[in-house]
Amino acid sequence: MRTRFAVFLGAALVLAGLHAPGTAATAKSFDYTKVKGLSQARYDTRRDTMRVKMSDGVELYVEVVRPKASGRFATILELSPYHGTAADRNGTRILPEPEGGMAGYFPPRGYAMVFVDLRGTGKSGGCLDHMGKKDQKDAYEIVEWAAKQKWSNGRVGMTGHSYVGSTPQMAAAQNPPHLKTIVPSAGLAWMYHHEFQHGVPYNLQWVGPLVAYEQLAIERFAEDSFGQNLTYAGCGMTQSAGVTGEAYFSGAGTDWHRERDFRTGATKSKIPMFAVHGIFDGAARVAALDWFHARRRSGDKAWIGQWGHDPGGNRDEQWTKALHAWFDKHLQQRKVQTGPRVEVFLNDEKVYTPSVWPPKPSRTLSFRALQGGKLGNDRSERGEVSYIANPSVGSPNSSVVFTSPALSKDTLVVGLPKINLVTSILGERIHLNATLYDVDPSGSQEAMAQATWAIQPELRKGVYNPEVVVPGEVMTLKLTGMAQAHRLPKGHKVRLVVASAHPDKVPTFAAGAQVTVYTGIGGTEIFLPVVDKPAQRPDVF
């Protein structure tokens, strides 16, 4: 079932026969269920299992579902740590409906589906590597192995959701010659983004590279590979985030993170990519899409919207057909429509269709923090307001709040907001979280994203360059926030809340520090990217 505020990053171009953007307000956005010329189900299928030896001698477990017919077929690869424990080898996590996941949907339509267990997981040998150098090399080798099989046409695509949405970026960064496209849903290209927002640890996912994946690697011996690969039991701990030591609590970047950073390679990769990510994803935050923000490549496609940790944005048949059309074009080389380059699905159930992501704003809506809890543009003298850091969310006197006047017109905020947070601290290490809210005329508020800005101030010069905070020293922290895709209706207000605790974060700091936020001229400011007169349509849903 679709979430209430489903939003996607995608242009709402329309099929032939519909009106052009900017006309007929009743026209719908692009309907993927009406794409013509898609491959049709016509094959019976077979499933084969095998072990494929990597260059270091470790064997990866592979299951291939393909047409029961001679010929060479377009190939889709899923490289996952979840097989046999948290997920099946049918691809139902990325494509829940219909027909039994990717294994039930694509092979009858002329595809070979290749399901691979990451080393140290499922039935594969080796030690869990948390997307380190061995996993990266495996990704290259397994793509090339698949492309060279007698049943493959040599064109390989990858897709997946969450961790499995991260392995495609990892593979693309290695530039295997036969990888022709990737479709990552809620993925990342740097393990640091799994744990931290600029040094502030995320709930649950903070412990993922320390405990959760190790648990999967152990559970497989009781569930999926009983009695197999026992020489590898528990050996992945030496590659876990536990090796980062104190940095695990300070949020500082380490060599462990450098080794698991493939953003540059993913950004520079020349293959077309279809990226999907939710603004309100509380398991894989949209900040992890920074590598894609930097691509701005012709041929890419994106869906961005206000959903949570839902495969394909939980768009049901629209997602199935969008994925189908994308692979038909890039792997089967069919001349089919793949929809707009960008679709941004907004909180008012409209679809905004810029030509690039992030879109170029028409203007910047800026507000200065002012005395009296106001956001505005008054050129008042510099002032200050303080709170006491408390790890309990919502504790009295544990935040400062600034609210704008009511907006005079509908305002569409899309893209990457920025803040100059001017502050000083007296006390122990703390976190700073600055969050934007949409406040309606009744006074009710809703967050405009999962979290907007956050920082552990010792990392103000970069996560690899920690520097002690001098008590009372005034700092200007210039931060880029999580992506926005939000319409603020006329009469609504913008609210900025600065606090140390946040519902999405683990408070690994001592209580009692005094945090001062500076206001007025030279004080804290926010900058919101605004699009005027956007090309948009009602959602086709």
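Predicted model: local features only at pLDDT ≥ 70, side-chain atom pairs only at ≥ 80, totals over all residues.
Residues are numbered from 1 along each chain as its sequence is written, and side-chain values use heavy atoms, with hydrogens and water left out.

**Stop 1: helix α2**

Select residues 133–147, helix α2. Helices (H or I, at least four residues) and strands (E, at least two) are DSSP runs, numbered from the N terminus. The expected span is 1.5 Å times one less than the number of residues.

Now colour by accessibility: buried is under 20% relative accessible area, exposed over 50%, partly exposed in between (1.4 Å probe, protein chains only). In α2, 11 of the 15 residues are buried, so the helix is largely enclosed by the rest of the structure. Among them are I142, V143 and W145, and also D135, D138 and E141.

**Stop 2: salt bridges**

A salt bridge here is a side-chain nitrogen of Lys or Arg within 4 Å of a carboxyl oxygen of Asp or Glu. The count is 23.

- Select K301 and E343: their closest N and O atoms are 3.6 Å apart. K301 lies in strand β10 (residues 301–305) and E343 in strand β11 (residues 342–345), so the pair ties together parts 42 residues apart in sequence. Both residues are buried.
- Go to R368 and E525, which meet at 3.7 Å, N to O. R368 is in β13 (residues 363–370) and E525 in β26 (residues 525–531), so this pair ties together parts 157 residues apart in sequence. R368 is buried, at 11%.
- Pick E259 and R260, a pair at 3.4 Å, N to O. E259 is partly exposed at 29%, whereas R260 is buried at 2%.
- Show R46, D48 and R66, linked in a network of salt bridges.

**Stop 3: cavities**

On a 1 Å grid over the protein atoms alone, a cavity is a set of points where a 1.4 Å probe fits but cannot get out; lining residues have an atom within 4 Å of a point. The search finds 3 cavities of 30 Å³ or more.

Centre on E78, A87, R93, I94 and V164, which lie nearest the centre of the largest cavity. Its volume is about 70 Å³.

Return to K301, which also lines the second largest cavity, along with residues including F292, R341 and W357. That cavity has a volume of about 60 Å³.

Terms used
1 Å grid on protein atoms, 1.4 Å probe; cavity = no way out; pocket = protein on both sides within 12 Å on 5 of 7 lines; lining within 4 Å. Points joined across faces, edges and corners; volume = space filled by probe spheres on them.
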